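Here are a few exercises to work through with the model open beside you. Try each one before reading its solution.

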Amino acid sequence: MAATARFLLRRATRLSRRNVNVASAETAARCGRRLAPCRCFGDAAEERSTHFGFETVPEAEKAKRVYKVFENVAHNYDTMNDAMSLGIHRLWKDALLHAMHPQPGAQLLDVAGGTGDISFRFLEYVRSQQERRAARSTQTPSWRDIPSSSSEDQARPRESHAVVCDINKEMLRAGQRRADSAGVVAGLSWVAGDAEELPFDDDQFDIYTVAFGIRNVTRVDQALKEALRVLKPGGRFMCLEFSKVTNPVLARLYDAYSFNVIPALGEVIAADWKSYQYLVESIRKFPDQEEFQLMIEDAGFFCVRYSNLTGGVVALHSGFKL
C-alpha cells in the first residue's frame, strides 16, 4: 500500500508540474511575453552536474569516467557477472527473452549490449522458433492447416537480426571475441554508439533492449527518447536493471553483500576495487521501479509495466511505441 501511495503521489506531482508549466506558457502568450529559457538548457552545459556513484560530478566528466570503468572491466566482465550474481544473472536474462518472445524476422537493437549476452540469447530463441515451425511444416497438414501453410510459404519473414550497440569499444571487442569463439556470426552486427544519440534512422527496430546499462547513461531521459525514435510503431522497449529490493530483510542482506563482497571480488578477480565500488553505488542512485516507470511513460511509451525479479533486486520494465 505504501509503495502504491508513493507511486500515485509522484504521478500527481508530475502532472501538476506539467499543468503549471502549460498554464505559465499560456499566460505568457496572452500577455505577449516569452518565457525565459530554463537554465538547464542554457549554453553552459558543462556546468550541469550529475552523479557518478555517490559522487557529484559534471555531466561531461561522468561520461568519461563511466567509459574508463567499462574499459577496465571489459576483459573480466562475464566472469565477474557470474561471480557477483552467483550465476543468477543468466536466469534474469532468460526471463527477459521469455517475456520478449521474439518471432522469426524480428529486428533487435541491444543497447549497452557489451559482450552480447542478450543478442546471443535472442538469436538462439529465434532459431528455436524457426526449428519448431520447420518441424510442424514437415508433418502432414490437416485440411484446416492447408490454407495457412500455403500463405506462410508465400510470405516468409525476413531473417532476424541483432545489433549490439555500445559506446565502449573495449566491451565491443570482448563481445566480438566471444561471438567468434562461439561461432555466432550470422544475423549479428556490432556498432559503436551512444545511447543518447543513436546512429540509426527512425523506425528501424522491432525491439529495443538495454540490460544493466541504462543506469550508467548520463541523461536517462534522452536515452529513452532515442529508444522511442528508433523503434518502429508497435515496437517494444525492454529494460533489465537493478532496482529497489522490496523485502526489508533481503534489502539489508543485499546491501551488506553489495558493499562488502562485490568490490572485494572485483579486486580479487579483476584487480579493480574502484570500478566495482562505482557499480554498486550506481545501483543505489538509480530510480526505483515506480519512478523509472514514470520516466518511460514521460518519454512517450504506452502500456508501461514492470515485474520484479529476485524480490526487486532486478526489475524488468516494458513499454510500447504506438
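**Exercise 1.** Does Thr246 count as buried or exposed, and at what relative accessibility?

Before the solution, some ground rules. This is a predicted model, so local features need pLDDT of at least 70 and side-chain atom pairs count only at pLDDT 80 or more, while totals for chains, interfaces and linings use all residues. Residues are numbered from 1 along each chain as its sequence is written, and side-chain values use heavy atoms, with hydrogens and water left out.

*Solution.* Step one: find Thr246 in the loop between strand 7 (231-242) and helix 9 (248-260). Helices (H or I, at least four residues) and strands (E, at least two) are DSSP runs, numbered from the N terminus. Step two: the relative accessibility of Thr246 is 53%, so Thr246 counts as exposed. The cut-offs are under 20% relative accessible area for buried, over 50% for exposed and partly exposed in between (1.4 Å probe, protein chains only). Step three: look at its partners. Leaving aside neighbours within four places in sequence, Thr246 is in contact (heavy atoms within 4.5 Å) with Gln289, Asn308 and Gly311.

**Exercise 2.** Work out why helix 12 is largely enclosed by the rest of the structure.

*Solution.* After helix 12 comes Gly300, with a positive phi near 115°.

**Exercise 3.** Describe how helix 3 packs on helix 4, and what Ser85 does there.

*Solution.* First, the geometry: the axes of helix 3 and helix 4 (residues 88-100) are 7 Å apart, at an angle of about 100°. Axes are lines fitted to C-alpha atoms, for helices over the stretch in contact, and angles run from 0 to 180 degrees between N-to-C directions. The two helices are therefore roughly perpendicular; angles under 35 degrees count as roughly parallel, over 145 as roughly antiparallel, 65 to 115 as roughly perpendicular and the rest as oblique.

Next, the residues: Asn81, Asp82 and Ser85 of helix 3 meet Ile88, His89, Arg90, Trp92 and Lys93 of helix 4.

Finally, Ser85: this residue of helix 3 (residues 77-85) is buried at 12% relative accessibility. A polar atom of the Ser85 side chain lies 3.1 Å from the backbone nitrogen of His89.

Notes
Polar contact = N/O pair within 3.5 Å; in protein donor to acceptor, adjacent residues only side chain to side chain.
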